[in-house]
Amino acid sequence: MIVTHISTNYPADSALTYHYIKRLGQKYPFLSSESMGKSVLGRDITVLRLGFGPRRIFFFGAHHALEWITTLILLRFALDYCERKTRGGRFGEKSINEVFAETSAYVVPMVNPDGVDIVINGAASAGDERENVEKMLSGRDPSKVWQANARGVDLNHNYNARFDEGKRLEGEYGVTGPGPTRFGGPYYESEPETRAVCRFLRARRCELLLSLHTQGREIYSPGDSPESKAWLGELSRLSGYRAAVPEGIAACRGLCDWFALEFSRPAFTIEAGQGKNPLPLRDFDGIYAEVFPMLAAAVCGM
Ligand SMILES: [Zn+2]
């Protein structure tokens, strides 16, 4: 028997994440995975698929490197979901087999593998970009400040939604060029990571999208359709998180902003947990208990 365990005693860098995904695939034959594209440094952006139904939903983690705990949340969710499928029985209001037949859940645990590795393993992990990363850090500790990809582009500011407005606001946040956070890139989808995400989503009709970040115990939604509002209320009720309206630079250029504009479907940025990024691993169980019901509800549908 293959023992699969997602440890929450230490962070998962890209190598450990790929290892976990491989083991999950070996243990649960109904779980498939593929690469949706490569990062700047050629690391895979892996997407897991659970279920085979026509209703497609997406979960994303670790756009922001300091927020690597979101990778562990999604890996643990994939494991729990696989375990429930193996045991059978009910999942929410439905049988687990019914949920599997209705919904395809696409789970992307780590959108930004290069950035996560810079945070966990240091600038030395950035290969050809090492010197450049060190210059952008100018002496700061990456494990406390690095949110961007290996070229100093903040991936959740690189999508095509009010891009020019976000660019104008960079100055107010002291952003003058590539660096650890909030630089949106020279133009939208300039980065291989965001291009991979957009390409994947454009090729599939997606019903619902949840993008995990930390922190604040808040849920942001750019959509104002009745369906979007209903989901926002439900997610907020399930988690105890506050429904919030994004403002300033946070209202521009994010995955959910772009997705809602392009597809007019509900999309939510979930700011999990509370504290200073990176959130400590001792908070994992509490955060997971808040986030799991939202992910499960998204999979089951309303
Ligand atoms: Zn974030």
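## Two helices side by side

Helix H1 (residues 14-27) packs with helix H2 (residues 69-87) at an angle of about 5 degrees, and their axes sit 11 Å apart. Angles under 35 degrees count as roughly parallel, so H1 runs roughly parallel to H2. Keep in mind that this is a predicted model.

Who touches whom? From H1 come Thr17, Tyr20 and Leu24, and they meet Thr71, Leu75, Ala78, Leu79 and Cys82 of H2.

Setting aside neighbours within four places in sequence, the contacts of alanine 62 include Trp68, Thr71, Pro109, Met110 and Val116. Take valine 116: it is 54 residues away from alanine 62 in sequence, yet the C-alpha to C-alpha distance is 7.6 Å.

## Helix H9 and its two sides

Helix H9 covers residues 226-239, which is 14 residues. At 1.5 Å a residue it should span 20 Å, and its end C-alpha atoms are 20 Å apart, so the two agree.

Which residues of H9 are buried? They are Trp231, Leu235 and Ser239. These cover an arc of only 50 degrees around the axis, so they lie on the same side of H9. Pro226, Ala230 and Gly233, on the other side of H9, are exposed.

The buried residues of H9 pack against strand E8 (218-220), strand E10 (267-272) and helix H11 (284-300). After H9 comes glycine 240, with a positive phi near 80 degrees.

Two cis peptide bonds deserve a look. One joins threonine 214 and glutamine 215, with omega about 10 degrees; glutamine 215 is in the loop between strand E7 (208-214) and E8. Another runs from asparagine 277 to proline 278, with omega near -5 degrees, and proline 278 lies in the loop between E10 and H11.

Then there is positive phi in residues other than glycine. Arginine 182 has phi near 70 degrees and sits in the loop between helix H7 (163-170) and helix H8 (192-202); with 20 C-beta neighbours inside 10 Å, it counts as buried. Serine 264 has phi near 50 degrees and is in the loop between helix H10 (255-263) and E10. Serine 264 has 12 other C-beta atoms within 10 Å, so it is exposed.

Definitions and conventions. Residues are numbered from 1 along each chain as its sequence is written. This is a predicted model: local features need pLDDT of at least 70, side-chain atom pairs count only at pLDDT 80 or more; totals for chains, interfaces and linings use all residues. Helices (H or I, at least four residues) and strands (E, at least two) are DSSP runs, numbered from the N terminus. The expected span of a helix is 1.5 Å times one less than its number of residues. The arc is that of the directions from the helix axis to the C-beta atoms. Two residues are in contact if their C-beta atoms, placed from the backbone, lie within 7 Å. Axes are lines fitted to C-alpha atoms, for helices over the stretch in contact, and angles run from 0 to 180 degrees between N-to-C directions. Angles under 35 degrees count as roughly parallel, over 145 as roughly antiparallel, 65 to 115 as roughly perpendicular and the rest as oblique.
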